[in-house]
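Let's take a walk through this chain together, from a single residue out to the whole fold. Keep the view open and turn it as you read.

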Amino acid sequence: MNYFDRISNLTKNISSELVDFSQPRDIARIPTQASSNFITNKEQGDWAENLILNAINENSHNYVAVKYGKSDDLVAGEDGFDKFFQEFQDELDTIGKRPDILIFSKEDFIIDLGYDISHIPHGDIDEYVKKAVAGIEVRSSAFLIGRYEEYMQQRTLKFTHLAMDIKDEILRNYSSLLNTSARKRYLRLLESLTPDTIHIIDFKAPGWRSSADLIQANNLFKQLNTAIKKVQQRDYLSITPKVEDLKVVYKWIETFNVPHFYFQVFFDKIYGISFENILSIISNPDNEGVIFSVENDAKNQNKTTIKIKSTEGVEIASKIEEPSHKSVRKEMGRGRLLFYVTFNGGCAYLNAGNLKSILNLNKEL
């Protein structure tokens, strides 16, 4: 069974409530106006892409990384953007979504085409693209994942202890109030609350107001509920494929039969996961809420995004030297000004063995 056939089989196991691969993709509307946040995020994404390109090309003897993804410096509101956007949409329907980077064996790399084929019409390079050993979609996140994980572990521990202390206080001081037919369910709730069950318990504070003791007990239940909600919040940073992209990535794989991967770049590490593994994870409903969630991402135009626990992937780089950054002023139509941040430099220290393993390369890097 070839690569595309394996991917096709996996799509059949994914709930149509999440993504229906049998239906055409939704048509995107042309954005009318860019924001400073949008441009900063785009600049960060471009930096992350170049970070990976440079890291592979500076360290590999047998493979070459080439810029491939459709991109342009134009943003919504500038002359020419509407034409670029429409051409991009047409290409999505024809070949699917180009990954940002292609990896070629050195013997298949065409020097005359160079390290950037992103502006070459797809019809001129389709046969060349089929020779790639991998396509990489680069996602970026403005976090230090090491620092984040340390913080979240401490936060979870803090609020778990707080919840257990509040539970003990209620049982110690108000058990007799709860030991009635009308309130006994709250007693059973407390008895079932442990550090293991705290992640699945859900309740509303009772709202008691008919006596001073009941008001105090009710306030403690409110505090308990707040502590439990803190523990239940997603406590991991994620690899973030957008739901709307799954169909157009699938279309690209159908067109070229080249293995596809997502790399998530943080400011201290890089994690990678195969598209095949992404589909396998989201096809199992038991994984939702444990190693992935589905959220509307406010930082990404509120688009529905799958957030897969980063450690479900493979650590591609264990250290990153941060880039320099500066503010830029951009004048739009009607004299509108945008100020955003650009990034330059930085270095990723690749784990060559992990990169070779995840991309299933048949030669050393």
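Ala34 is buried, with a relative accessible area of 4%; buried means under 20% relative accessible area, exposed over 50%, and partly exposed in between, using a 1.4 Å probe and protein chains only. Before going on, a word on what you're looking at: this is a predicted model, in which local features need pLDDT of at least 70 and side-chain atom pairs count only at pLDDT 80 or more, while totals for chains, interfaces and linings use all residues. Residues are numbered from 1 along each chain as its sequence is written, and side-chain values use heavy atoms, with hydrogens and water left out.

Back to Ala34, which sits in the loop between α1 and α2 (36–59). Helices (H or I, at least four residues) and strands (E, at least two) are DSSP runs, numbered from the N terminus. Which residues does Ala34 touch, leaving aside its neighbours within four places in sequence? They are Ile39, Val75, Ala76, Arg336 and Leu338, where contact means heavy atoms within 4.5 Å. Take Leu338: it is 304 residues away from Ala34 in sequence, and 8.7 Å away in space, C-alpha to C-alpha.

Follow that contact to the other end. Strand β11 covers residues 337–344, and it pairs with strand β10 (residues 324–331) in the antiparallel sense over eight bridges. Two strands pair if DSSP finds at least two bridges between them. Within this pair, His325 stands opposite Phe343 in β11. The two strands make a hairpin with five residues between them, and there Arg334 takes a positive phi near 65°.

**The open sheet**

Now look for the seven strands that form an open sheet, in the order β1-β2-β3-β5-β6-β9-β12, with mixed pairing. β1 (63–67) and β12 (347–350) stand at the edges with a single partner strand each, so one side of each has no neighbour in the sheet. Neighbouring strands here are turned by 30° against each other on average, direction ignored. As background, strands of a sheet pair through backbone hydrogen bonds, either parallel or antiparallel.

**Two helix pairs**

How do α1 and α9 pack? Helix α1 (residues 3–11) and helix α9 (residues 275–282) meet at an angle of about 20°, with their axes 9 Å apart. That makes α1 roughly parallel to α9; angles under 35 degrees count as roughly parallel, over 145 as roughly antiparallel, 65 to 115 as roughly perpendicular and the rest as oblique. From α1, Tyr3, Arg6, Ile7, Leu10 and Thr11 make the contact, and from α9, Phe275, Glu276, Leu279 and Ser280. By class, that contact has five nonpolar, two polar and two charged residues. Here Ala, Val, Leu, Ile, Met, Phe, Trp, Tyr, Cys and Pro count as nonpolar, Asp, Glu, Lys and Arg as charged, and the others, Gly among them, as polar.

For the second pair, find α5 (residues 145–178) and α6 (residues 184–192), which pack at about 155° with their axes 10 Å apart. That makes α5 roughly antiparallel to α6. Lys167, Ile170, Leu171 and Leu178 in α5 meet Lys184, Tyr186, Leu187, Leu190 and Glu191 in α6. This contact divides into six nonpolar, no polar and three charged residues.

**Two asparagines, then the whole chain**

Most residues other than glycine have a negative phi. Asn257, though not a glycine, has a positive phi of about 55°; it lies in the loop between α8 and β5 and, at 32% relative accessibility, counts as partly exposed. Asn360 has a positive phi too, near 55°. You'll find Asn360 in the segment after α10 (352–358), exposed with a relative accessible area of 66%.

Finally, zoom out. The chain has ten helices and twelve strands, and 45% of its 365 residues count as buried. Its C-alpha atoms fill a box of roughly 85 × 55 × 45 Å, taken along the principal axes.

Note on methods. Axes are lines fitted to C-alpha atoms, for helices over the stretch in contact, and angles run from 0 to 180 degrees between N-to-C directions.
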